[in-house]
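These notebook entries record what I looked up in one structure.

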Amino acid sequence: MNVTKSPIDVFLEQRLEEDKIKLGTSLNDSLQKEMACLDLIKQSIDHCKKNIGLIDKLSSKGSISAVHNLQIKKDAFRDNLKIWNMFGQIQMVSIELKENIKNLTSVKDDWSKQTLLVTMSVSIYETSKKLIDETAKVIKILISYGPENLVDEFKASRKTLTSFIEEHKQELSQVRNTVGAHRDEDVSKQISKLEGLQIAHVIQVALDYNKIILEIAKFQNALSAIGIKRLEDAKVRKL
């Protein structure tokens, strides 16, 4: 494999090698905390899904008025489900990015490094598109139940994500379609794309992406409070 490396690529690889123990320890600490957070998010998601299922069962046996009240409760749980699914997506993205950077510190051959860069590029491409969909659902909830200033702030963060996707869509989709999720029938094109990926550039794109999703993650307290208020307004009780 003939990988073209710029001076900054060489420098970055040297730093990753020199600092791999310290960096690995730091990443492992962060990953443990983030996985614990992901477990809590999953519990919230499962709680919403469980109650939606219970409401569906009760609705099949209730009167028209009872079904109406149950639908209000179901809608409240659905909004909470959308909120927690969005934060779950963000948490998984953060974990994936850190895992891939950690793995880059432990591999030495170019093939393994370039393959990890492909994995990172495809992950960013797929998850960023997914987050656009998830944030759109949350904006609808905010417009209906959140304060105007929070709606504007969240839209601004989402716009930053949209701009990021527009800037990098072409290069990321080329990696995905040539040597990632899809494979070009021309193996020479696959190899050329693999060799052309530069570690410094891919990591910078990953760091920029991580910064954007962390900005969206800062809305967790405000959005979870809106979700709780939705449940309280629907007078949700243990079913």
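**Entry 1: a helix contact.** I first listed the residues at the contact of two helices: F154, S157, T160, L161, F164, H168 and E171 in α5 meet H201, V205, D208, Y209, I212, E215 and I216 in α7. Sorted by class, this contact has seven nonpolar, four polar and three charged residues. I note that the model is a predicted one.

**Entry 2: geometry of the pair.** I then looked up how α5 (residues 148-179) and α7 (residues 199-217) are placed. Their axes are 9 Å apart, and the packing angle is about 160°. Angles over 145 degrees count as roughly antiparallel, and α5 and α7 are therefore roughly antiparallel to each other. I recorded the crossing of α5 past α7 as left-handed.

**Entry 3: the nonpolar core.** Which residues have the most contacts inside the largest nonpolar core? I found F154, Y209 and L223, in a core of 58 residues. The elements that give two or more residues to this core are α2 (20-59), α3 (64-104), α4 (110-145), α5, α7 and α8 (220-233).

**Entry 4: F154.** I set aside neighbours within four places in sequence and listed the remaining contacts of F154: M86, T135, V138, I139, L142, I216, F219 and L223.

**Entry 5: K98.** Is K98 buried or exposed? I located K98 in helix α3. Its relative accessibility is 14%; since buried means under 20%, K98 counts as buried. Residues up to four places away in sequence not counted, K98 touches L27, S30, L31, E34 and N210.

Key: Residues numbered from 1 in each chain as written. Predicted model: local features only at pLDDT ≥ 70, side-chain atom pairs only at ≥ 80, totals over all residues. Heavy atoms only, no water. Axes fitted to C-alpha atoms, helices over the stretch in contact; angles between N-to-C directions. Helix = DSSP H or I, 4+ residues; strand = E, 2+ residues; numbered from the N terminus. Parallel < 35°, antiparallel > 145°, perpendicular 65-115°, else oblique. Left-handed = near helix turned anticlockwise from the far one by under 90°. Contact = heavy atoms within 4.5 Å. Nonpolar A, V, L, I, M, F, W, Y, C, P; charged D, E, K, R; others polar. Core = buried A, V, L, I, M, F, W, Y, C linked by side-chain atoms within 4.5 Å. Buried < 20%, exposed > 50% of the residue type's maximum accessible area, 1.4 Å probe, protein only.
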